[in-house]
Structures are given as C-alpha cells and as structure tokens.
Amino acid sequence: MTLDKPVPKAGKKTMKAAIRTQYGPPELLRVKEVEIPVPKDDEVLVRVHAATVNRTDCGILWARPWIIRFFTGLRKPRLASTGTDFAGVVEVVGKKVTNFAVGNRVWGFADNGLGSHAQYITIQAEGNILTIPDGITFEQAAASPEGAHYAYNFINKIRVKSGDDVLVNGASGAIGSACVQLLRHFGANVTAVCNTPNLDLVRSLGADRVIDYLREDFTKENRQYDFVMDAVGKSTFGKCKPILRPGGIYQSSELGPGGQNIYLPLITKLRGGKRVIFPIPSDVKASLELIRKLLETGEFRPVIDRTYPLEEIAEAYRYVDSGKKTGNVVLVMGD
Ligand SMILES: NC(=O)c1ccc[n+]([C@@H]2O[C@H](COP(=O)([O-])OP(=O)(O)OC[C@H]3O[C@@H](n4cnc5c(N)ncnc54)[C@H](OP(=O)(O)O)[C@@H]3O)[C@@H](O)[C@H]2O)c1
C-alpha cells in the first residue's frame with residue numbers, strides 16, 4: 001500500500017492498518033480502514049495475524065539514522081503502514097505463483113519495510129517469505145526473523161568454530177537473545193551479559209556463563225574471548241580490547257561514539273591484531289532459511305516480552321523505543 005493510493009471507495013473490501021504520512025513519533029500513527037491490496041501475478045495476499053514492533057520499525061518510523069530515507073522514501077515514507085515482519089495465512093495467489101497455495105501458514109521479513117502493521121499485505125512469492133514450521137504459533141513466527149537475521153549477520157561475518165569463546169553483550173535484546181541461541185548452534189562457548197531479572201532467561205537460551213551488567217563490568221574480567229558481539233551497542237572496541245584474545249574480533253550493532261564502528265574496521269585491519277568488524281546485514285532469505293531449520297529442530301525459540309493489539313500500536317512503539325524490551329514485542333491484528 002503506497003501513500004499515493006486512494007482511500008477506500010464504497011463497495012471495496014477494507015482492512016485495518018496503522019497509517020502515517022510523515023516521519024516522526026508514534027503519535028503520528030492512526031489505525032484506519034483502508035483498501036485491501038490486490039496481489040500482482042507474482043505476489044500472494046497474506047492475511048496477517050501477527051507482526052512485531054522492533055528496533056528496525058522504530059528506525060523507519062522516525063527515519064533514524066537519516067540515511068534510512070534512501071531506502072524508505074526521501075521526503076516522506078514510501079509505505080503508509082509501518083511493519084517489517086509478519087506471520088499469517090495466504091488468502092490469494094497471483095496467476096504466476098507456483099510455490100504457495102491458499103491456506104499456507106507463512107512468515108517473512110524485509111528490513112526496508114513491508115507495511116505489515118496491517119491486516120493484509122501483498123508480497124512477492126519469490127521474496128522473503130517461507131512457510132511456518134508445524135507447532136510454531138503466528139506470534140512465535142512473527143517474533144523470529146528480525147533479531148535473528150541481524151544475529152546471524154554477526155556470526156556469518158566471522159568463522160565461529162566449535163569451542164570458540166564468545167561474549168554477547170545485551171543478551172536480553174532481540175538480537176542478543178537470538179545471538180546466544182545461534183552461537184550455541186554453531187558450537188561456541190557463550191558468555192552472555194544481561195540485567196539481573198533476565199539471568200535465568202538467558203541461561204535457558206543456552207549461555208554457558210552469565211554476567212549481570214548491573215553488578216559486574218565484563219570488560220574488567222580476567223578472561224579473554226575470541227569474539228565479542230555487542231548486540232546492544234552499549235560498549236566500545238576500546239573498552240573490550242583487553243578481553244579479546246590476540247586476533248580477536250569486536251562487532252557491534254550500533255555505529256558507536258562518533259560513528260567509530262564505521263572507520264575502525266579499516267584502521268584495525270591495517271594495524272593487524274585485534275580487529276573491529278561492522279556487520280552490514282544482507283541476504284534475509286538465507287537467514288530465514290536457517291531460522292526455519294532451527295525452529296524445526298527446537299534449537300531456536302524467539303523470546304516474547306509483550307503482546308499488543310493493533311489499536312495500541314503507538315504504546316508498543318513507545319515501549320520498544322525505550323530500549324527496555326526483553327526479546328520481542330508482538331502486535332496482533334485481530335479479526
Ligand atoms: N545494525 C543494524 O542493522 C541494526 C538493526 C536493528 C537494530 N539495531 C540496533 O541494535 C541494538 C539492539 O537491538 P535489539 O532490538 O536487540 O535491542 P532491544 O531488544 O531493544 O535491547 C534491549 C535490551 O538490551 C538491554 N540493555 C540495555 N542496556 C544494556 C547494557 N548497558 N548492557 C547490557 N544490556 C543492556 C536491555 O536490558 P535493561 O532492561 O537492563 O536495560 C534490554 O533487555 C539497538 O541499538 C538497535 O538500534 C541495529
């Protein structure tokens with residue numbers, strides 16, 4: 001649904017969608033009746049049951065950082081609805097679609113936005129959409145891709161071997177909680193850093209050791225790691241250098257003070273020794289395929305913090321934007 005599409009005409013089928021016409025705070029979002037989109041020949045129409053409100057959505061809502069506008073619309077948002085992930089049921093298949101059928105339970109993700117904070121979306125059948133494994137609910141499926149895609153894009157930028165020692169800072173977040181589970185899948189020994197209330201949760205995700213950041217500074221520990229994954233971007237390479245082994249690598253989900261994680265990869269590569277890698281996420285489909293496999297084997301389960309109805313989307317955004325969520329925040333679309 002683009003911003004230029006007309007509002008519903010009499011007789012057209014409508015749906016509820018969270019709509020805004022400019023970048024800015026969650027208060028700009030209105031849940032409105034709009035026209036249900038019609039799939040093209042190579043698309044499917046999905047009845048969305050659940051989506052998440054995540055940090056990528058916050059970035060797109062506010063256009064933060066500014067550069068995001070090159071992907072989501074320069075002056076105003078290209079899509080009227082926010083939403084980057086979805087889980088639901090295929091209701092219509094385009095004439096050329098052969099890989100999905102009406103009734104398939106499906107899920108997907110696109111980091112530039114899908115307009116999935118709505119009861120229906122259209123998506124290319126060959127795009128970032130897969131069937132939901134049996135036994136996984138719509139809420140779980142919706143909460144699976146965003147954090148895990150970024151987590152996998154930390155891991156696939158380096159060669160994690162079985163037995164490597166890895167520290168994950170911010171292990172209670174969407175990216176961090178996925179990072180812990182994926183690292184366990186790849187055989188790493190995981191030390192996870194989180195707050196006091198989440199120690200047991202993070203242990204249950206497979207962390208070998210947990211550090212309570214409210215009581216202990218992990219950068220002062222007398223231990224070293226092959227990799228430090230700063231999933232919440234609250235530390236720096238400078239602080240983590242002493243806990244990296246020779247040749248060890250620091251990665252962060254944030255640009256860091258003064259945007260240092262953009263230029264440190266080049267500087268540290270030229271110097272040799274301990275290094276910074278800034279993971280640029282790519283290939284969503286490959287991430288979805290891995291996550292799907294791990295959902296099937298039970299090696300990955302998304303952490304769900306709160307669930308909001310679509311009507312309370314602004315409240316969901318405010319909570320996610322606070323940086324206090326544990327794992328994922330789910331939005332359910334209702335009948
Ligand atoms: N590079 C990219 O492409 C990309 C994409 C998406 C997101 N991001 C960024 O990645 C970061 C993480 O995203 P997310 O969705 O995983 O975050 P999130 O779920 O919002 O992370 C919140 C969690 O981090 C914990 N936390 C806060 N401060 C901490 C600290 N100093 N040490 C350890 N844990 C701390 C919070 O616990 P408390 O309750 O204790 O505060 C909370 O559980 C965000 O900054 C986001 O903007 C980057």
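Colleague: In this predicted model, how many residues of domain 1 are in contact with domain 2, and how many residues of domain 2 take part?

Modeller: The chain is divided into domain 1, which covers 14–144 + 302–332, and domain 2, which covers 147–277. Counting residues as in contact when their C-beta atoms, placed from the backbone, lie within 7 Å, one finds on the side of domain 1 eight residues, and these meet residues of domain 2 that number eight.

Colleague: Which classes of residue make up the side of domain 1 that touches domain 2, and how far apart are the centres of the two domains?

Modeller: Where domain 1 touches domain 2, its side has two nonpolar, five polar and one charged residues. Taken over C-alpha atoms, the centres of domain 1 and domain 2 are separated by 29 Å.

Colleague: Which element gives the largest share of the shell around the ligand?

Modeller: The ligand is surrounded by 27 residues, the closest being S172, G173, I175, N195 and S253. Two or more residues of this shell come from each of α1 (55–62), α4, α5 and β9 (189–194), while domain 1 and domain 2 each supply at least three. By class, the shell has nine nonpolar, 13 polar and five charged residues. The largest share, three residues, comes from α5.

Colleague: Is α4 parallel or oblique to α5?

Modeller: The axes of helix α4 (residues 145–155) and helix α5 (residues 174–185) come within 8 Å and cross at roughly 55°. Since angles under 35 degrees count as roughly parallel and those of 65 to 115 as roughly perpendicular, the arrangement of α4 relative to α5 is therefore oblique.

Colleague: What is the handedness of the crossing of α4 with α5, and which residues of α5 does α4 meet?

Modeller: α4 passes α5 in a crossing that is right-handed. From α4, the residues E146, G147, A148, Y150, A151, Y152, F154 and I155 take part in the contact, and the residues of this contact divide into twelve nonpolar, two polar and one charged.

Colleague: Are α4 and α9 parallel or perpendicular to each other?

Modeller: P145, A148, H149 and Y152 in α4 meet V284, S287, L288, L290 and I291 in α9, a contact with seven nonpolar, two polar and no charged residues. The axes of α4 and helix α9 (residues 284–297) lie 9 Å apart, and the two helices pack at an angle of about 105°. Because angles of 65 to 115 degrees count as roughly perpendicular, α4 and α9 are, relative to each other, roughly perpendicular.

Key. Residues are numbered from 1 along each chain as its sequence is written. This is a predicted model: local features need pLDDT of at least 70, side-chain atom pairs count only at pLDDT 80 or more; totals for chains, interfaces and linings use all residues. Axes are lines fitted to C-alpha atoms, for helices over the stretch in contact, and angles run from 0 to 180 degrees between N-to-C directions. Helices (H or I, at least four residues) and strands (E, at least two) are DSSP runs, numbered from the N terminus. Angles under 35 degrees count as roughly parallel, over 145 as roughly antiparallel, 65 to 115 as roughly perpendicular and the rest as oblique. A crossing is left-handed if the near helix is turned anticlockwise from the far one by less than a right angle, and right-handed if clockwise. Two residues are in contact if their C-beta atoms, placed from the backbone, lie within 7 Å. Ala, Val, Leu, Ile, Met, Phe, Trp, Tyr, Cys and Pro count as nonpolar, Asp, Glu, Lys and Arg as charged, and the others, Gly among them, as polar. A residue is near a molecule or strand if its C-beta atom, placed from the backbone, lies within 6 Å of it. Domain bounds come from an automatic or database domain assignment.
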